[in-house]
Amino acid sequence: MIISNEDELAKLKEIGRLCARAVDLMGKALEPGITTRELDAIGRKLLEDSGAQSAPEHDYQFPGATCISVNEEVAHGIPGDRAIAAGDLVNIDVSALKDGFYGDTGASFCVPPVKREVEKLCRDGKRALWTGLQQVKTGKPIAGIGNAIGAFAKKNRYTLITNLSSHGIGRSLHEEPGEVPTWPDPQESRIMEEGLVFTIEPFLSLGGEWAEDGDDKSDPWTLYSQPKAPTVQFEHTIVVTRNGPLILTLAD
């Protein structure tokens with residue numbers, strides 16, 4: 001999507017803010033004993049009370065309002081009876097639509113006490129996202145995002161999941177520019193246009209390089225890292241401008 005007027009921008013900001021508030025509220029509710037289903041209900045209530053709908057539920061019949069992935073799960077975890085425990089690494093990913101426009105954001109949380117390397121991974125996951133955001137500007141190459149995040153990961157001895165990419169968003173959850181790599185991709189040659197809307201969401205890991213389905217055939221959604229390793233995701237929806245990225249998914 002290329003933004004063409006202020007009304008489109010206002011609606012994208014509104015749904016982006018609601019998604020960010022849901023992640024923030026769910027993150028604050030994280031504590032040992034709470035189930036992922038109870039967490040999901042918190043996000044659902046905020047969205048629905050604000051006139052928004054869960055995007056994965058609306059578009060793909062996902063069995064939950066939000067995606068909640070714990071420890072070995074990398075993405076698309078289904079909310080259920082799993083109780084959060086001390087030491088868990090939890091990713092919360094919220095995407096939603098309102099008035100015909102979509103927002104998408106996510107963050108990973110450590111439930112204390114956690115191993116020092118996992119706590120550092122969480123901090124560096126945020127840094128990896130901001131490293132990518134700093135490459136966003138009208139006229140710059142899309143490849144610069146993945147190159148910068150890749151250099152950050154290599155310098156800090158992390159790996160990146162290289163089959164879960166960022167994506168275009170706007171009037172649908174996934175649209176052009178299609179897949180936006182958050183790792184170095186020599187095939188990527190596109191240039192960022194003024195007003196282009198997409199997500200940036202690197203998956204930083206302590207050894208994982210790929211995301212794949214699990215062994216449970218009754219669960220076609222949840223993805224796991226290969227090799228298995230702690231992995232974090234942080235995500236914003238942004239608009240490309242001449243002055244850099246306009247972040248749509250901020251809670252305030």
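This is a predicted model: local features need pLDDT of at least 70, side-chain atom pairs count only at pLDDT 80 or more; totals for chains, interfaces and linings use all residues.
Good morning. I shall begin with strand β4, which covers residues 89-98. How many of the residues of β4 are buried? The count is 10 of the 10, so the strand is largely enclosed by the rest of the structure.

Let us consider the two faces in turn. In a regular strand, side chains alternate between the two faces of the sheet. On one side of β4 we find Leu-89, Asn-91, Asp-93, Ser-95 and Leu-97, and on the other Val-90, Ile-92, Val-94, Ala-96 and Lys-98. These residues are all buried, and both faces are therefore covered.

I turn now to the partners of β4. Strand β1, residues 53-54, is joined to β4 by two bridges and runs antiparallel to it; here Ser-54 stands opposite Ala-96. Strand β2, residues 67-70, is also antiparallel to β4, with four bridges between them. In that pairing, Ser-69 faces Asn-91 of β4.

With strand β5, residues 101-110, β4 pairs over 10 bridges, again in the antiparallel sense. Leu-89 stands opposite Cys-110 of β5. The two strands form a hairpin with two residues between them, and Asp-99 in the turn has a positive phi of about 55 degrees.

Where is Thr-35 found? Thr-35 lies in the loop between α1 (6-29) and α2 (36-49). Is this residue buried or exposed? Its relative accessible area is 16%, and because buried means under 20%, Thr-35 is buried. Apart from neighbours within four places in sequence, Thr-35 is in contact with Gly-80, Asp-81, Arg-82 and Ala-83.

Thank you for your attention.

Terms used
Residues are numbered from 1 along each chain as its sequence is written. Side-chain values use heavy atoms; hydrogens and water are left out. Buried means under 20% relative accessible area, exposed over 50%, partly exposed in between (1.4 Å probe, protein chains only). Contact means heavy atoms within 4.5 Å. Two strands pair if DSSP finds at least two bridges between them.
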